[in-house]
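Student: I would like to learn how to read helix packing from coordinates. Where should we begin?

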Amino acid sequence: ASAIAAEHERLGGPIRLSDLQAQRAASLPPLSVKVAGARLYNMAPPTQGVASLMILAIFDKLRLRHDIRDAQGFEYLHAIVEATKQAFKVRNRHVADPASMAVRGVTPEEFLTDAFIDNCVEAVDMARALAWPEKAIHGDTVWMGTADSAGRMVSYIQSVYWEFGSGVVLSDTGIVWQNRGSSFSLDAASHLALAPHRQPFHTLNPAHARFDDGRHMVYGAMGGDGQPQSQSALFSRYAMFGQTLQAAVSAPRWLLGKTWGQESTTLKFENRVDPMTLQALAAAGHDVEVLSDYSDTMGHAGAIVRLPDGLYLGAA
């Protein structure tokens, strides 16, 4: 810590030894929400975990209300994209350092109540797309999942934020200093306002699910705004529509908004999606853009499921 602080100060950074000495790791309870057949878990703020949970909770109710029976076609894609918009509206307005949220009288749990999720469901028009975009979130990330013979499972995300973080490498240690601080706002009225001892908003939200039948699932992806969307694709295809785990990972994905290295805020699809479905989505008001097969823009996804008898399934 002394070496890091000394070099950081020499390079003109604001971090001091007292900041590092005051840092404490915290083991916090995850956020959770119930969907049909499973309970989902994700990280609390300052991550976007609440958005990931909201997408699947909203979509689950839309799926049941509108009798959506397969994980392709207009109804599935429209409903899950519109659920994403409802979740991102909450994320973009409220999710920040927990202390900052507390000052504003906001808790992440309130956005996961049945009443709030129901309001989001009511706000979705199944024939027309909600106008978009909202402010995008950047990110550069890796997701990993692992499991052992004792049944322990880990869903893990690490990131330096931009492709090379801050671009600053501390010569004494080789540590690459990340630049998550760029998520702060210099607008004092913003929920993301820069202030001492505040944690920046970040996109890392490793996911875990416990099924009513005894299965456990860890799943995730890289890619800023794309992380919650890929999570919703993986979980819904496998858990709600009965696809195999590899099929759920390999099927064509979508991305609403920006991800690493991209500036456009369109609704992007890999060109393996049926052209007639893409035409229907465009006709409903979605700003559709078609990308190549297995595009890196969608990130890299994976999942592990532990069956009740101890057998593991894995896909990437």
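Tutor: With burial: a residue counts as buried when its relative accessible area is under 20%. Keep in mind that this model is predicted.

Student: How many of the 22 residues of α4 are buried?

Tutor: The count is 16, so by that cut-off α4 is mostly covered.

Student: What span should the 22 residues of α4 have?

Tutor: The expected span is 1.5 Å times one less than the number of residues. For α4 that gives 32 Å, and its end C-alpha atoms lie 32 Å apart, so the two agree.

Student: At what angle do the axes of α3 and α4 cross?

Tutor: Angles over 145 degrees count as roughly antiparallel, and those from 65 to 115 as roughly perpendicular. Helix α3 (residues 49–65) and α4 cross at roughly 140 degrees, with axes coming within 8 Å. The pair is therefore oblique, and the crossing is right-handed.

Student: Which residues of α3 and α4 make the contact?

Tutor: From α3 come A51, M54, I55, I58, F59 and L62; the α4 side includes Y76, I80, F88 and R91. By class, this contact has 13 nonpolar, two polar and one charged residues.

Student: How do α4 and α9 cross, and at roughly how many degrees?

Tutor: The axes of α4 (residues 73–94) and α9 (residues 275–283) come within 9 Å and cross at roughly 50 degrees. That makes α4 oblique to α9. Here too the crossing is right-handed.

Student: Which residues of α4 and α9 meet?

Tutor: G73, F74, L77 and H78 in α4 meet T277, A280 and L281 in α9. They divide into four nonpolar, three polar and no charged residues.

How values were computed
Residues numbered from 1 in each chain as written. Predicted model: local features only at pLDDT ≥ 70, side-chain atom pairs only at ≥ 80, totals over all residues. Heavy atoms only, no water. Axes fitted to C-alpha atoms, helices over the stretch in contact; angles between N-to-C directions. Helix = DSSP H or I, 4+ residues; strand = E, 2+ residues; numbered from the N terminus. Parallel < 35°, antiparallel > 145°, perpendicular 65-115°, else oblique. Left-handed = near helix turned anticlockwise from the far one by under 90°. Contact = heavy atoms within 4.5 Å. Nonpolar A, V, L, I, M, F, W, Y, C, P; charged D, E, K, R; others polar. Buried < 20%, exposed > 50% of the residue type's maximum accessible area, 1.4 Å probe, protein only.
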